[in-house]
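Okay, everyone, thanks for coming.

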Amino acid sequence: MKYLTEDKLVVVGAAGMIGSNMAQTAIMMGLTPNICLYDPYAPGLEGVAEELLQCGFEGLNLTFTSDIKEALTGAKYIVNSGGAARKAGMTREDLLKGNAGIAEEFGKNVKQYCPDVKHIVVVFNPADITGLITLLYSGLKPSQVTTLAALDSTRLRSELAKYFNIAPDEVVNCRTYGGHGEQMAVFASTAKVAGTPLLEIIGSEKLPLSDWEGIRQRVVQGGKHIIDLRGRSSFQSSAYLSVEMIRAAMGGEAFRWPAGAYVNNGEYSHIMMAAETTITDNGVKAAIVEGTAEEHAELQKSYKHLCALRDEVIAMGVMPPISEWNKINPNL
C-alpha cells in the first residue's frame, strides 16, 4: 500500500467505537503506516489492535500502549476521541465538566511529550470547548488544532436529500456554523438543491416553512436521533469525518466541510467555533460566513452560548481568565 506520509499518527481513545473506527479508516485511506493506538483501557485497546492486525493490511507498523508518554513521543499528528461518550438524555454540553478536565490533561501531555506535533483534531464533546482547552495547554498555534464540526453540515445534507428524495450529491454546500451543539447556526443561504438555491425553495410549495423548520430541528437533534436508534452516540460518521480532517492536515485531499477552529477577530473573540475553513499541511485557516441577517443573528446567538460554556470552564478553574492565556500559550 502507498501511504501519504511516514509520520507518526496517534489515535487517542482507540479502545472506543469512534477511536477504533478512526484507526481503521486511517489505515484504509493510506495516511501513514506508523499508527499508534492509545487508551487507558488496556484490554479493549489490545482487542482493537488484534482486530486491525488480523485484517492483514500491508506495510502497516501498528503499535498500541496505555502509557501516554510512549504514545505521544514522536507524534506528528493526533486524532483524539478520548473523552466520555454522550448517553441517552444527555446533550453535548452535559459532558462539559468531566471532559474539560480530560482536555486539560491532554493538552499538557502534548506540550510535554510531543511539542513538535503538526496537527491535532479533537473529537470528544463539547468539542468546541475541549478543543479550546487543548489548544491553550498544548502551547500550539491556533492553526494546529481543529475540532469536529462537520457532522452537523453532513446531517443537513442528508435531511434535505431525504426530504426531496434525491441523491445526496445533488445537495451541495450545506453548512452549519458556530457551536457543535444545540445552539448551532443552520445556514440556508449557502446551499443548493438540484441546482436551485435553497433560499428560493424555502417557503414555496416544494418546501413550506414548517417543513424547513422540521428539517432544522432534525439537524440540531441529529445526535440524539442516533442515540435513540442505536442506543449509543454516533461513531461511524464522526470517525470518518475526523480522519478526513487529519488527512487534509497531512497534505492529502481537501476537507470539504466546516471545521471547528480558533477565532479571534474582534466580533468573535477567543473562541473555538465552526467556520468555513481550509485545512492544509500549513494548518487551518478560518473565515466567517455572514449569511442573511437572520443567519447572522443565529450565529451570534450560537457564539454567545459558546462564550457562556467557555466562561463556565473558567469559573471551574480548568482555564484561567482570558487575560492570562498568553502566559500559558504565547500563541494566544
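Predicted model: local features only at pLDDT ≥ 70, side-chain atom pairs only at ≥ 80, totals over all residues.

Numbering runs from 1 along each chain as its sequence is written, and side-chain values use heavy atoms, with hydrogens and water left out.

So, D128. You'll find D128 in helix α5, residues 127-138; helices here are DSSP runs of H or I with at least four residues, strands are runs of E with at least two, and both are numbered from the N terminus. Buried is under 20%, exposed is over 50%, and partly exposed is in between, with a 1.4 Å probe and protein chains only.

What does the D128 side chain sit by? A polar atom of that side chain is 2.9 Å from the backbone nitrogen of H180. Beyond four places in sequence, the contacts of D128 (heavy atoms within 4.5 Å) include G178, G179, M272 and L306.

Now the backbone. The peptide bond between N125 and P126 is cis, with omega about -10 degrees, and P126 is in the loop between β5 (119-122) and α5.

Then two non-glycines with positive phi. N173 has phi of about 60 degrees, in the loop between β7 (171-172) and β8 (175-177), and is partly exposed at 37%. A194 comes in at about 50 degrees, in the loop between β10 (192-193) and β11 (196-197), partly exposed at 47%.

Technical notes: Polar contact = N/O pair within 3.5 Å; in protein donor to acceptor, adjacent residues only side chain to side chain.
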